[in-house]
Amino acid sequence: MATHLYFDLTDTLRLAEHAVAAAEHAPTFTEREDGTPCPGALEWVHDHGVYLMSSGLPRLTDPSRPDANLIVYAHGWNPDTDGHRHTADLGDDFVEHLHLTEATPTPLIDTLRAAHAAGYRWLHLAVNADTYEMRVARTRHHD
């Protein structure tokens, strides 16, 4: 059974717009090793909770915590308000880049913009132990 993560679409789009507007980006480990530039991404992080942040440099700072990156927690996955959760589907701590401008088949940034304009409220990741699917949703169904 999949783990379902829902990220507020308005807040997620703010991170995405920062990433695509940035001239520089924090690369993934593989991009750094291969010497390939990061084209701009949402960084999907699992460490102290599950959240997204922009790969853009300089980092987008949190107005309420100027020394920290602005992040968007998955609904129910903020350990400060929801407690610590664990699921085997997510495994150990990681950072996964969700590239925004690659055409597969539509760039993610275009999907996010169109979904937000059409009234969608969530970026939904359905995660299994070795795969994930990404889509937009109007409501949360798997809480």
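Is Glu 17 buried, partly exposed or exposed? At 30% relative accessibility, Glu 17 counts as partly exposed, where buried means under 20% relative accessible area, exposed over 50%, and partly exposed in between (1.4 Å probe, protein chains only).

## Before you start

What you see is a predicted model, in which local features need pLDDT of at least 70 and side-chain atom pairs count only at pLDDT 80 or more, while totals for chains, interfaces and linings use all residues. Residues are numbered from 1 along each chain as its sequence is written, and side-chain values use heavy atoms, with hydrogens and water left out.

Helices (H or I, at least four residues) and strands (E, at least two) are DSSP runs, numbered from the N terminus. Apart from its neighbours within four places in sequence, Glu 17 is in contact with Ile 109 and Arg 113; contact means heavy atoms within 4.5 Å. With Arg 113 there is also a polar contact, side chain to side chain, at 2.8 Å. A polar contact is a pair of N or O atoms within 3.5 Å; within protein, one must be able to donate a hydrogen and the other to accept it, and residues adjacent in sequence count only if both atoms are side-chain atoms.

His 18 is also placed in helix α1. Its side chain and that of Ser 54 are joined by a polar contact of 2.6 Å. Leaving aside neighbours within four places in sequence, His 18 is in contact with Ser 54, Gly 56, Pro 58, Arg 59 and Leu 60.

## A cis peptide bond

Pro 58, one of the contacts of His 18, deserves a look of its own. It sits in the loop between β5 (56-57) and β6 (61-62). The peptide bond from Leu 57 to Pro 58 is cis, with omega near -5°. For background, most peptide bonds are trans.

## The nonpolar core

Which residues have the most contacts inside the largest nonpolar core? They are Leu 5, Phe 7, Leu 42, Trp 44 and Leu 112, in a core of 26 residues. A nonpolar core is a set of buried Ala, Val, Leu, Ile, Met, Phe, Trp, Tyr and Cys residues joined through side-chain atoms within 4.5 Å. At least two residues of this core come from each of β1, α1 (9-21), β3 (41-47), β4 (49-54), α4 and β10 (122-127). The most come from α1, with five residues. In soluble globular proteins, nonpolar side chains tend to be buried together.

Leu 5 lies in strand β1 and is buried, with a relative accessible area of 0%. Not counting residues up to four places away in sequence, Leu 5 touches several residues, including Trp 44, Val 50, Trp 77 and Leu 123. Leu 123 lies in strand β10 and likewise counts as buried, at 0% relative accessibility. With the sequence neighbours up to four places away left out, the residues that Leu 123 touches include Leu 5, Phe 7, Leu 42 and Leu 112. Leu 112, counted in the same way, touches Leu 9, Leu 13, Leu 42 and Val 136, among others.

## A buried histidine

His 4 lies in strand β1 (residues 3-8). At 17% relative accessibility, His 4 counts as buried. Its side chain makes a polar contact of 2.8 Å with the side chain of His 124.

## The largest pocket

About 250 Å³ of space lies in the largest pocket. On a 1 Å grid over the protein atoms alone, a pocket is an open set of points where a 1.4 Å probe fits, with protein on both sides within 12 Å along at least five of seven lines; lining residues have an atom within 4 Å of a point. Grid points are joined across faces, edges and corners, and a volume is the space filled by probe spheres set on the points.

The lining has 14 residues, of which His 99, Thr 104, Thr 106, Leu 108 and Met 134 lie nearest the centre of the pocket. Two or more lining residues come from each of β9 (94-99), α4 (108-117) and β11 (132-137), and β11 gives the most, with four. By type, the lining divides into seven nonpolar, five polar and two charged residues. Here Ala, Val, Leu, Ile, Met, Phe, Trp, Tyr, Cys and Pro count as nonpolar, Asp, Glu, Lys and Arg as charged, and the others, Gly among them, as polar.
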